[in-house]
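Work through these exercises with the model open beside you. Try each task before you read its solution.

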Amino acid sequence: MGLNKKSGIKWLIIVLFSVFIVTMTISVIIVSQKILPTEDLRLAREALTIAKEAEANIYSEQDYKESIRLYDSAMLNWKRENDRFILFRDYSRIVANAKSSKKKAEEASDEAIKKSANLNLNVEAAFVVLAKKIELYNKLFKDLPLPKSVFDAHNKSKMFLSESKIAHESGKLKDAEILFKKAEVYVNHANVAAGKMLRDYFVDHPNWLHLANDAIAASRGGNKVILVDKVAHILYVYQSGKAIRSYSAEFGPNWMAHKERTGDRATPEGNYHIASKKAGGSTTYHKAMLLDYPNAEDRIRFEAKKRKGLISRNAGIGNLIEIHGNGGKGFDWTIGCIGLKDRDIDDLYQLVGSGTRVTIVGSIESLSVVSEGVDF
Amino acid sequence: MKSKLIIAIAAMGVAVLFSSCAKVPQTEIDAATAAVQGVKDSGADLYVPEAYSALVDSMKSANEKVEVAKAKWFPNYSKAKNLLAVVNQMAVDTKSKAEARKVELKAEVTTMIGEVKALNEGNKALVAKAPRGKEGKAALEAISSDITVAETTVTEVEALLANGDLLGSNDKIKAAKEKATAIQAELNDAIAKKGAAAPVAKKAVKK
């Protein structure tokens, strides 16, 4: 009996041990058959790093965030699965999430590369457009007697453009875009305001053209006639219908207005004559030729405006408008006179005498010619 | 007696088999996670983005290694622990790099603020030196407006710097310096053009 019991226990142990060994073997086989998500997660992680380097977080924000969410979700699920009994673990969802994360990250990278390349092109193109607008301002509007708000806006636009270029050089394209747009707002404001001022000024162009043609016609008999183009900043001497001289001229800071009263720093427009010539100690401007401003038309206009209250009762019409030297400063600095370089006034002084007709116009050329067809 | 001993040994074997799993190095994981967060809080993602990106990647890799070990019958976290130690060291290095870059940037910006302020003052002096009255007053008005824009930018940069926006302030002060330098050149050019022949009015003129 005792022997049978011992033998039974022995067999029981052998059976249990065998069952254990078989179970373990099967478990090991099952576990070894399960593919760990290690490789998929590594690939997803690497794709995320590449996407970050491509600035997908900026240019493809949604896809990038989604790829991160999928990766994090895969890692969380892996932790959960690992907390389960080894035989019951299921990595399929983790693998699926990791694969999706990798795919999204790659899509985000591709989109980011495309978008940043496009943005780079757009910003560079925008720099060119903005530079042209600033150039347009410098060419057409800079010397106009503009209100402070206009040149402030122009200066701000230049500042924002500089900042935008620095951001662009640092690879911060989004920042460059934001700054460029600010620059654009300011430059547009400045150019629109200055453009309106110029267009309003050119309303008188038909009259200027008439005056200029009349002056040129008056020179056909052999007389010398001076024709001053304020916009072009050129003083011409015509004889026999041809320009025989041209000099760069400078005016008062408020030159883009017809002179109306004392102190308005404007240069008059109309027909005048050289009343007298000054040289040596009689002028502080090297040499000078006094014009007969105001003429009859100026007086009529002055009185009419005074009556309407457009000009102060105490205001005078002004006088002492001259063509003189000391010019060549590169900007409009006189009080309303026409400033020439000393060597030019020397030449002109020799060329014309008292009584010479002087016709001053806003512009001989039309606005489209002056702006060289540039739309503003 | 002998059989009891065999049973006990077998039971212990099974027990050892199932209890031999090493524990997840949670303390090391928590420490590394906190270190990475500390690095992010220091602004390393902005000031040393490449180093920060490498750190984050290493942290993720360490987490993956933990799970790889955990997925085994007999987990061995030594590789994960080693990587977590590397992450901790990387975090320290990245944070110090970020701090150094911040100090460097702050010094750069502060120096440039001084330079731009000096340029602005110099430009104002140049404007003041230029003949007043009718001579160039209007032309200099536009330049004065430009100086004001540069001065306003310096004020904005100082505000950005006070708020800790070193990158924003650095870009802005560079632009301000460019502008102030351009104004200086423009003024010198204008003064040179004006030359020594600037006339002095001998008498008041009414025009």
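**Exercise 1. Two helices of chain B**

Find the handedness of the crossing of α4(B) and α5(B), then describe how these helices pack.

Solution. This is a predicted model, so every step reads a prediction.

- Step 1. Look at the crossing: α4(B) passes α5(B) in a left-handed way.
- Step 2. Take the geometry. Helix α4 of chain B covers residues 49–70, and its axis lies 9 Å from that of α5(B). The packing angle is about 165 degrees.
- Step 3. Classify the angle. Angles over 145 degrees count as roughly antiparallel. Therefore α4(B) is roughly antiparallel to α5(B).
- Step 4. List the contact. On α4(B), the residues include B:Y52, B:L55, B:M59 and B:V66. On α5(B), they include B:L83, B:V87, B:M90 and B:T94.
- Step 5. Sort by class. The contact of α4(B) with α5(B) has 14 nonpolar, three polar and three charged residues.

**Exercise 2. The domains of chain B**

Which elements give two or more residues to the side of domain 1 of chain B that touches domain 2 of chain B?

Solution. 

- Step 1. In chain B, domain 1 runs over 20–100 and domain 2 over 101–192.
- Step 2. Look at the contact. Domain 1 of chain B brings eight residues, and domain 2 of chain B brings five.
- Step 3. Name the elements on the domain 1 side. They are α3 (44–47) and α5 (78–129) of chain B. The largest share, four residues, comes from α5(B).
- Step 4. Sort that side by class: five residues are nonpolar, one is polar and two are charged.

**Exercise 3. One helix of chain A, two partners**

Helix α5(A) packs with α2(A) and with α7(A). What is the angle in each pair?

Solution. 

- Step 1. Start with α2(A), residues 38–53, and α5(A), residues 92–141. Their angle is about 20 degrees, and their axes are 8 Å apart.
- Step 2. Move to α7(A), residues 173–201. Its axis comes within 10 Å of that of α5(A), and the two cross at roughly 25 degrees.
- Step 3. Classify. Angles under 35 degrees count as roughly parallel. So α2(A) and α5(A) are roughly parallel to each other. So, too, are α5(A) and α7(A).
- Step 4. Check handedness. The crossing of α2(A) and α5(A) is left-handed. The crossing of α5(A) and α7(A) is left-handed as well.
- Step 5. Locate the residues. Towards α2(A), the contact residues of α5(A) include A:V95, A:A98 and A:A105. They meet a set in α2(A) that includes A:L41, A:A44 and A:L48. Towards α7(A), α5(A) uses residues including A:L119, A:V123, A:L130 and A:Y137. Among their partners in α7(A) are A:F180, A:V187 and A:L198.
- Step 6. Count classes. The α2(A) contact with α5(A) has twelve nonpolar, two polar and four charged residues. The α5(A) contact with α7(A) has 17 nonpolar, three polar and three charged residues.

**Exercise 4. The domains of chain A**

How far apart are the C-alpha centres of domain 2 of chain A and domain 4 of chain A?

Solution. 

- Step 1. Read the assignment: domain 1 (1–29), domain 2 (34–114), domain 3 (116–202) and domain 4 (204–370) of chain A.
- Step 2. Take the pair. The centres of domain 2 and domain 4 of chain A lie 78 Å apart.

**Exercise 5. Backbone details of chain A**

Where is A:P294, and what kind of peptide bond joins A:Y293 and A:P294?

Solution. 

- Step 1. Most residues other than glycine have a negative phi, and most peptide bonds are trans.
- Step 2. Find A:P294 in the loop between β5 (287–291) and α9 of chain A. The bond from A:Y293 to A:P294 is cis, with omega about -5 degrees.
- Step 3. Follow the chain into α9(A), residues 296–307. Its twelve residues reach 17 Å, close to the expected 16 Å. Just after α9(A), A:G309 has a positive phi of about 80 degrees.
- Step 4. Turn to A:E55, in the loop between α2 and α3 (56–59) of chain A. A:E55 is not a glycine, yet its phi is positive, about 60 degrees.

Terms used
Residues are numbered from 1 along each chain as its sequence is written. Chains are lettered from A and ligands numbered from 1 in the order in which they are written. This is a predicted model: local features need pLDDT of at least 70, side-chain atom pairs count only at pLDDT 80 or more; totals for chains, interfaces and linings use all residues. Domain bounds come from an automatic or database domain assignment. Two residues are in contact if their C-beta atoms, placed from the backbone, lie within 7 Å. Ala, Val, Leu, Ile, Met, Phe, Trp, Tyr, Cys and Pro count as nonpolar, Asp, Glu, Lys and Arg as charged, and the others, Gly among them, as polar. Axes are lines fitted to C-alpha atoms, for helices over the stretch in contact, and angles run from 0 to 180 degrees between N-to-C directions. Angles under 35 degrees count as roughly parallel, over 145 as roughly antiparallel, 65 to 115 as roughly perpendicular and the rest as oblique. A crossing is left-handed if the near helix is turned anticlockwise from the far one by less than a right angle, and right-handed if clockwise. The expected span of a helix is 1.5 Å times one less than its number of residues.
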